Amino acid sequence: MFEQITSIADQKTRIDKYKELQATLFQHAQVAELNALIDHMASEDMSVIISRQVLSDFVVQLATLETARVKEVAIYALERLQPRVVSFEEQVTVIRELLAAIYETEEDWAAAAKTLAAIPLDSGNRVLDENYKVEKYVHIAQLYLEDEEPVQAEAYINRASLIVTNETEAGLHLRYKTCYARILDSKRKFLEAALRYYQLSQVSDAELGALKVCEADLLQALSSAVTCAILAPAGPQRSRFLATLFKDERCAKLDVYSVLEKTFMERVLERSEVERFAQKLQPHQMAKLENGSTVLDRAMIEHNMLSASKIYTNISFAQLGALLAIPPEQAEVIASKMVSDGRMYATIDQVDAMIDFQTESESMIDWDAAIARVCHKTEQIVLRAIIAHPHLGAGIGGTTG
């Protein structure tokens, strides 16, 4: 099929003949013949100058085939061109983008992500625009998120973060921030995710230049911020952020406002309210933990325990477990973790199986008292040392004077 063309001496004429041939092959959707043309172009005997020009035209026409044939030819082309990918980076990139788009349409997120990830963005053989590289890294991260692979997504969003600047296109910068918030959310770093979502909910048209952001998108980001804040580990940091959200008048429009209000007011949430809230959560926000409970269960138990600390001065673990609808042993473990993390102020008496709650101010008073006792003891030791060794007192006097 190619003998007559290869015998032509003039290079330009030979390129034109190859293009004429492949145009006919595309017109009749002759997949086997197109694969043969790929083999011919990828052979070591073929001049790179000729094959590059022919393949540049090839990848443009590839999109004219029906989807199934594009996929078949693209997979074959990538396999055959891989050994010489350095010579055909631009052409291989176009093929990978076409194939990834097909995988994405089929919702094969992992295949789409891997196909785009194989594009050589840092080979040094081509000068690529920074915005193009950021877009690819963010797109790959988004695909891994769809495939519920937050670790892989984070790896690519971290690559994007190295080259994102104030000069990055506004719309692309917004996609980057949104993707980063979703990754934190997927990795159950709920408080950090809530902060990121809240920042997104405050984006103005002025920040986006020619782009416009609709109110529905801002409210969705705000709703995500509220949801993540409710799911975040109970404690002072969460309480401060809940106060920020509660003061935002827009939150009153949200479906989750009633849960936000009770959470902020540190009131005990009833089971029916938790079940209604659960219906709005994503799968990873309902994921099972090692002890068999869910992410939501842990968040609600910790919240209700913190609420109990505002109501009771002390309580037995048996009573606390009954209040939280969990075994006393689990109540003790959770309370111990919250106290050790500094998220709840209390002392635990394991002998009597009791917990004594303290307010933050009481804890600070105890802390100040402890410091005062240490200072007093130190002063007594210094005085005894001076009495026993007078020359030390002279040295101290010289230093302070």
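The largest nonpolar core of this predicted model comprises 100 residues, with Tyr18, Phe58 and Leu245 making the most contacts inside it. Here a nonpolar core is a set of buried Ala, Val, Leu, Ile, Met, Phe, Trp, Tyr and Cys residues joined through side-chain atoms within 4.5 Å, and buried means under 20% relative accessible area (1.4 Å probe, protein chains only). The top contributor to this core is helix α13 (residues 215-231), which supplies 9 residues; helices are DSSP runs of H or I with at least four residues, strands are runs of E with at least two, and both are numbered from the N terminus. Beyond its neighbours within four places in sequence, Tyr18 is in contact (heavy atoms within 4.5 Å) with Phe2, Ile5, Thr6, Leu37, His40, Met41, Met46, Ile50 and Val54. A second, separate core has 18 residues, among them Ile301, Leu324, Ala331 and Ile334.

Turning to the strands, 3 of them form an open antiparallel sheet in the order β1-β3-β2, where pairing requires at least two DSSP bridges between two strands. Because β1 (314-316) and β2 (346-349) stand at the edges with a single partner strand each, one side of each has no neighbour in the sheet. Strand β3 (residues 354-357) pairs with β1 over 3 bridges in the antiparallel sense, and Ile355 in β3 is the bridge partner of Ile315. Helix α18 (residues 317-324) packs on this sheet and touches β1, β2 and β3.

Residues are numbered from 1 along each chain as its sequence is written. In this predicted model, local features need pLDDT of at least 70, side-chain atom pairs count only at pLDDT 80 or more, and totals for chains, interfaces and linings use all residues, while side-chain values use heavy atoms, with hydrogens and water left out.

Methods. Axes are lines fitted to C-alpha atoms, for helices over the stretch in contact, and angles run from 0 to 180 degrees between N-to-C directions. Buried means under 20% relative accessible area, exposed over 50%, partly exposed in between (1.4 Å probe, protein chains only).
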